[in-house]
Amino acid sequence: MHLHRPIARPLHWRTRTHPRPLLGRTTVFRPSWFWDRMAVRYARMPIADPAAYETKLEKTRAYLRPDSRVLEFGCGTGSTALVLAPRVAQVHAIDTSAAMLAIAREKVQAAGIDNLSFEHTTLTDLDSPAGRWDVILGMNVLHLLPNRRDTLARAHALLKPGGVFISSTLCAADAPLGLRLLAPLVRALPLLPRISSLRLEGLTAELVAAGFEIEAQWRPARHKAAFVVARKPGRLDA
Ligand SMILES: C[S@@+](CC[C@H](N)C(=O)[O-])C[C@H]1O[C@@H](n2cnc3c(N)ncnc32)[C@H](O)[C@@H]1O
């Protein structure tokens, strides 16, 4: 059904090219219907590592103030945005999956939270003035993006000087050898989202190249998603 649904916006259906050593350059069609189809299941899934998630939330809260404006991209069903919204002035959360956003909106309505809004877009397409946000969050999404460098550059532009970009990112190239050997097989499955082969050192280097200073990094184990806080140089107004 989703396959034949009228297309609301072109960002739903992105075509991209990436190198495959054995097959040459292949154009792969990976629309967001993977996440649309996953949405209900994703919303029901228990958090894989609740202790690590709680630690990341706690570390994130340290950067929030009652007057903070927070932008989250790849918000999924809005769980993190919902937890953080009561602590700040505003949260705007965006995602490319309409089904994820529909669940997020239902959860916000049920919770009666009125400072949390959602939008169907990407960070690079978002219509927002530069320097507007105190905090930008990208939780479990950077490793899924074909345009990660553009996204980091946009995050930097959208933050106020002194603002922070907080991310949690799977660094698949740091995984144990057994898992890394499986990666080409997983990557060959055409319907799964492509996971970048990232190392934590590579990610922090990309953040620095985008103009950030690395403020903190933590991960519960080498093969688990890495939490990184990167600051746009400058001082937030007191
Ligand atoms: C693994 S889920 C993470 C959801 C949520 N942040 C969490 O931690 O539970 C990845 C999410 O990123 C979204 N996504 C994928 N590519 C995106 C893009 N270019 N811009 C915004 N969201 C994107 C997917 O639709 C999905 O909801």
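User: What pLDDT does the protein average, and over which residues is the pLDDT below 50?
Analyst: This is a predicted model, in which local features need pLDDT of at least 70 and side-chain atom pairs count only at pLDDT 80 or more, while totals for chains, interfaces and linings use all residues. Residues are numbered from 1 along each chain as its sequence is written. The pLDDT, the predictor's confidence in each residue from 0 to 100, averages 86, and 85% of the residues score at least 70. The stretch where it is below 50 is residues 1-29.

User: Which residues of helix H1 are buried, and why do they line one face?
Analyst: A residue is buried if 20 or more other C-beta atoms lie within 10 Å of its own, exposed if 12 or fewer, and partly exposed in between, with C-beta atoms placed from the backbone; helices (H or I, at least four residues) and strands (E, at least two) are DSSP runs numbered from the N terminus. In H1, residues 33-44, the buried ones are Trp35, Asp36 and Ala39. Seen down the helix axis, the directions from that axis to their C-beta atoms fall within an arc of 100°, so these residues line one face of H1.

User: Against which helix do the buried residues of H1 pack, and which residues are exposed on the other side?
Analyst: On the other side of H1, the exposed residues are Arg41 and Arg44. Packing is judged by contacts, meaning C-beta atoms, placed from the backbone, within 7 Å. By that criterion the partner of the buried residues is helix H4 (98-111).

User: Is Val91 buried or exposed?
Analyst: Val91 is found in strand S4, residues 90-95. Not counting residues up to four places away in sequence, Val91 touches several residues, including Val70, Leu84 and Asn115. Because Val91 has 29 C-beta neighbours inside 10 Å, it counts as buried.

How values were computed
Contact = placed C-beta atoms within 7 Å.
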